[in-house]
Amino acid sequence: MLFEAEKSLCGLNDKIIVCREKQSEYRAENLELDNVYKFKIDGDILTDSDSSVRCDYLVENETKKQAYFIELKGRDITHAIEQIEATINRYKGKLTSYEIKPRIVYKNNTHDIKSSKARQFKSKYKSAVFKTNMFSEKI
């Protein structure tokens, strides 16, 4: 586990884990009741006194060794990519045995998802997902 269990915003075996902000929502369905943790990176793990760029949430499936880096955004996909990459780079040394799964859920349609930066990001992280408004998946 990347952070202390008491920092988690969900129960250890919660069936549904929701991250919501700015009218965007990410929903993880933990149907196998794996050991999962939800950490609010921006404002909880990393406080406002730390001005570094970071994503909104990390959902960690400890059982399956998967780390979901979540950014909930309005329109600025390029900044969302920067936030997720900065957070991955900050913690990747502690997640060497984990599969990294970036997720960007944005409010409005934007052409940024077709930009060269977005294509490079998807090439680097094959499991990266960009979705409008709401994204739900089984973890």
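**Exercise 1. What share of the 139 residues of the protein counts as buried?**

Solution. The model is predicted: local features need pLDDT of at least 70, side-chain atom pairs count only at pLDDT 80 or more, and totals for chains, interfaces and linings use all residues. Residues are numbered from 1 along each chain as its sequence is written, and side-chain values use heavy atoms, with hydrogens and water left out.

Step 1. Buried means under 20% relative accessible area, exposed means over 50%, and partly exposed lies in between (1.4 Å probe, protein chains only).

Step 2. By this criterion, 46% of the 139 residues are buried.

**Exercise 2. Describe the order of the elements and the overall dimensions of the protein.**

Solution. Step 1. Helices (H or I, at least four residues) and strands (E, at least two) are DSSP runs, numbered from the N terminus. The protein has two helices and eight strands.

Step 1. Read from the N terminus, the order is β-β-β-β-β-α-β-α-β-β. The radius of gyration is 14 Å, close to the 14 Å of the globule rule for 139 residues, so the protein is as compact as a globular protein of that length. This radius is taken over C-alpha atoms, and the rule is 2.2 Å times the number of residues to the power 0.38.

Step 2. The C-alpha trace spans about 40 × 30 × 25 Å along its principal axes.

Step 3. Contact means heavy atoms within 4.5 Å. Among contacts with a separation of 6 or more, 65% join residues 24 or more positions apart.

**Exercise 3. Is glutamine 66 buried or exposed, and which side chain does its own side chain contact?**

Solution. Step 1. Glutamine 66 is located in strand E5 (residues 66-73). Its relative accessibility is 11%, and therefore glutamine 66 counts as buried.

Step 1. Its side chain makes a polar contact with the side chain of tyrosine 68 (3.0 Å).

Step 2. Beyond neighbours within four places in sequence, its contacts include Val59, Tyr98 and Ile139.

**Exercise 4. Locate two residues other than glycine that have a positive phi.**

Solution. Step 1. Leucine 33, with phi near 55 degrees, is found in the loop between strand E2 (24-29) and strand E3 (36-40). Leucine 33 counts as partly exposed because its relative accessibility is 47%.

Step 1. Asparagine 133 has a phi of about 70 degrees and is found in the loop between strand E7 (129-132) and strand E8 (134-138). At 39% relative accessibility, asparagine 133 counts as partly exposed.

**Exercise 5. Where is arginine 119 placed?**

Solution. Step 1. Arginine 119 is part of helix H2 (residues 116-124).

Step 1. A polar atom of its side chain lies 2.6 Å from the backbone oxygen of lysine 114.

Step 2. Arginine 119 and isoleucine 77 are 42 residues apart in sequence, and their C-alpha atoms are 11 Å apart in space.

Methods. Polar contact = N/O pair within 3.5 Å; in protein donor to acceptor, adjacent residues only side chain to side chain.
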